Amino acid sequence: MTTGKVHIGLINPKSPTNVGSVMRASGNYQVNAVCYSGQRYSHAAKFHTDTKNITQKIPLTEVEHIIAGKPQEATMVCVDLVEGATPLPEYQHPDNAYYVFGPEDGTISQSVIDSADDVVYIPTIGCMNLAATVNVVLYDRLAKSANKIAGDELIRSSRDINNKVKVKSP
């Protein structure tokens with residue numbers, strides 16, 4: 001995958017299902033840490049949705065304010081449908097990134113947008129849910145990376161134990 005580090009900040013995530021899906025994506029795309037602000041997730045965290053137990057490998061930390069979760073050396077990249085943002089297909093990801101995502105039923109505040117180094121959006125008709133947005137951004141980072149891991153060895157080590165399917169040889 002890419003060199004550098006990837007951190008994710010979630011602003012007041014709405015549901016434990018979305019946070020669980022974000023954690024699963026974080027494991028798949030080798031994210032270093034995830035933090036969140038707001039109270040909704042803390043109240044709903046008892047509904048365990050992290051099916052791969054990624055929180056045992058990747059820290060999930062509550063922060064008072066999302067900017068406090070930014071690692072010192074990271075470039076803060078807000079991801080939201082805001083005017084003036086860069087379309088994701090045109091964006092070049094920084095080596096050390098802190099991707100900030102707003103709540104599904106709101107937007108990233110102007111003060112956080114103003115603090116960002118970069119602001120990007122996914123050019124869709126309508127908005128996507130939080131987990132889908134995180135997956136698309138992390139996949140875009142991987143797809144643009146010069147250090148991609150690919151091949152049958154990756155497939156064998158990543159797939160479910162019940163999957164032994166192969167492409168038929170010509």
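A pocket here is an open set of grid points with protein on both sides within 12 Å along at least five of seven lines, and its lining residues have an atom within 4 Å of a point. I keep in mind throughout that this is a predicted model.

**Entry 1: the pocket.** I looked up the second largest pocket and found a volume of about 310 Å³. Its lining has 18 residues, and D80, L81, C127, M128 and T133 lie nearest the centre. I sorted the lining by residue type and got nine nonpolar, seven polar and two charged residues.

**Entry 2: D80.** I went on to D80, one of the residues nearest the pocket centre. D80 sits in the loop that runs between β4 (75-79) and β5 (86-87). Is D80 buried or exposed? D80 counts as buried because its relative accessibility is 15%, and the cut-off for buried is under 20%. I also checked its side chain, which makes a polar contact with the side chain of T107 at 2.6 Å.

**Entry 3: cysteines.** I compared notes on two of them. C127 has 65% relative accessibility, so C127 counts as exposed. C78 has a relative accessible area of 0% and is therefore buried. How many disulfides does the count come to? With sulfur pairs required to be within 2.5 Å, the count is zero.

**Entry 4: helix α1.** I finished with α1, which covers residues 16-28 and has 13 residues. From first C-alpha to last, α1 reaches 18 Å, close to the 18 Å expected at 1.5 Å a residue. Its buried residues include P16, V19, V22 and M23. Just after α1, I noted that Q30 takes a positive phi of about 60°.

Conventions:
Residues are numbered from 1 along each chain as its sequence is written. This is a predicted model: local features need pLDDT of at least 70, side-chain atom pairs count only at pLDDT 80 or more; totals for chains, interfaces and linings use all residues. Side-chain values use heavy atoms; hydrogens and water are left out. Helices (H or I, at least four residues) and strands (E, at least two) are DSSP runs, numbered from the N terminus. The expected span of a helix is 1.5 Å times one less than its number of residues. Buried means under 20% relative accessible area, exposed over 50%, partly exposed in between (1.4 Å probe, protein chains only). On a 1 Å grid over the protein atoms alone, a cavity is a set of points where a 1.4 Å probe fits but cannot get out, and a pocket is an open set with protein on both sides within 12 Å along at least five of seven lines; lining residues have an atom within 4 Å of a point. Grid points are joined across faces, edges and corners, and a volume is the space filled by probe spheres set on the points. Ala, Val, Leu, Ile, Met, Phe, Trp, Tyr, Cys and Pro count as nonpolar, Asp, Glu, Lys and Arg as charged, and the others, Gly among them, as polar. A polar contact is a pair of N or O atoms within 3.5 Å; within protein, one must be able to donate a hydrogen and the other to accept it, and residues adjacent in sequence count only if both atoms are side-chain atoms.
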